[in-house]
Amino acid sequence: MLMVGLTGGIGSGKSAVAARLVERGAVLIDSDQAAREVVAPGTPGLAEIVEAFSPRVLAADGSLDRAALGAIVFGDEAARRRLEAITHPRVRARAAELAAAAAPDAVVVNDVPLLVEVGLASTYHLVVVVQTAVPIRLERLARARGMDRAEAERRIAAQADDARRRAAADVLLTNDGSLPELHAAVDALWHDRLLPYERNVRERRVARPQRVVLADPDASWPQQYVRLAARIRHALAPADPRIDHIGSTAVPGLAGKDVIDIQLTVPTLAEADGPLAERLAGAGFPRVPGEWWDSPRPARGGRWEKRLHGSADPGRPVHLHVRAADSPGWRYALLMRDHLRADPDQRAAYLLLKRELAAAAPDSATYSTARDPWFDEEHLRAEEWAAQTGWRP
């Protein structure tokens, strides 16, 4: 089962995306619908809202007067947070019930308007954000809902801004064009990413690119790492392990394979072979079969044991290196990253080597092995730098 979080600002067209995904075969969990269910007449949720905000939020028939409640909480952060404390846990519990009832191979789309605001991004395998220019959203709200401009602007201002949503987005769907254009983008997402991602999660299979394609430095790599690390941390909670961004994508200005390298620190590798491995796989990071060692490099003292996980997501390759704290390979990964961050000359030399090897050795295994001699020499320079600067991992 694949759990997808879908969000977007009011008037963005998120509902149109949800409807199209349902047409393609997704199971939809509508948080707005769940929110209505948990405050229906006779529910504990409605009773608690009345206690908090007085009976003036009730309609004549005893149901919740959403307009009256909205007039109280929109623009009043304290009131809004009090309402969220009542409704959000109930909505999450209802969503969990609906997800548990879905088929094992389902793509479950959770339509959550406030996904970013309440910090739920890390609970999904993938977060899809629908983004639309504010003037278009204002026009849509006036046309479709009869909302005056002042009210629409107030509703938009009460939600997360586009920058916060983009930071949470694994997939950004821009909806400034026509409905057919939006449908085409959703269809491509469904067939190219969601379906294979679901299958990979269910079968515990890694999506691994076979060819080396050297990508220019991408300013979004650190933010992508932050999202992935949050997902890993959520999967392993309540444990709070050390997680580090390593490799080329962790060095600003350095081109590299578009693969996010992450190091997960465990007390011992015995722990990596227990329930931790299955929890990572369930979160979309299955074990790579047979990858138990770092590459042998005699100058570094032989082969260093680790566990390697990858990503089930075909749209975001990941190497998740699980290493024991204070082990040689663990220290080496952090040292080399920090040394290259600090030394622009060696960073430039490594970039030149990478480009030469990418052209001459297009498969991943050959590319990695061909770098070993350079790294053996660079390791010595890095150790000298660590001694001179007092570096500690």
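Aspartate 258 is partly exposed, with a relative accessible area of 34%, where partly exposed lies between buried (under 20% relative accessible area) and exposed (over 50%), computed with a 1.4 Å probe on protein chains only. The structure is a predicted model, in which local features need pLDDT of at least 70 and side-chain atom pairs count only at pLDDT 80 or more, whereas totals for chains, interfaces and linings use all residues. Residues are numbered from 1 along each chain as its sequence is written, and side-chain values use heavy atoms, with hydrogens and water left out.

Aspartate 258 is placed in the loop between strand S8 (256-257) and strand S9 (260-266), helices (H or I, at least four residues) and strands (E, at least two) being DSSP runs numbered from the N terminus. When residues up to four places away in sequence are not counted, aspartate 258 touches Val213, Ala215, Trp221, Arg316 and Pro317, contact meaning heavy atoms within 4.5 Å. One of these partners, Trp221, belongs to helix H10, where it is buried together with residues including Tyr225, Leu228, Ile232 and Leu236. Helix H10 (residues 221-236) has 16 residues and spans 23 Å from its first C-alpha to its last, close to the 22 Å expected, which is 1.5 Å times one less than the number of residues.

The C-alpha atom of threonine 87 is separated by 40 Å from that of aspartate 258, the two residues being 171 apart along the chain. Threonine 87 belongs to the H5 side of a contact with H3, as do Ala79, Arg82, Leu83, Ile86 and Arg90, and the H3 side comprises Pro44, Gly45, Glu48, Ile49, Ala52 and Phe53. The axes of helix H3 (residues 44-53) and H5 come within 10 Å and cross at roughly 170 degrees; axes are lines fitted to C-alpha atoms, for helices over the stretch in contact, and angles run from 0 to 180 degrees between N-to-C directions. H3 and H5 are therefore roughly antiparallel to each other.

Helix H4 (residues 66-73) also packs against H5 (residues 77-100), at an angle of about 130 degrees and with axes 7 Å apart. H4 and H5 are therefore oblique to each other, given that angles under 35 degrees count as roughly parallel, over 145 as roughly antiparallel, 65 to 115 as roughly perpendicular and the rest as oblique. Leu69, Ile72 and Val73 of H4 meet Ala79, Arg80 and Leu83 of H5 in this contact.

The protein chain averages a pLDDT of 89, and 93% of the residues score at least 70, pLDDT being the predictor's confidence in each residue, from 0 to 100. Confidence is lowest in helix H15 (residues 364-370), at a mean of 56, and highest in strand S7 (residues 243-246), at 98.
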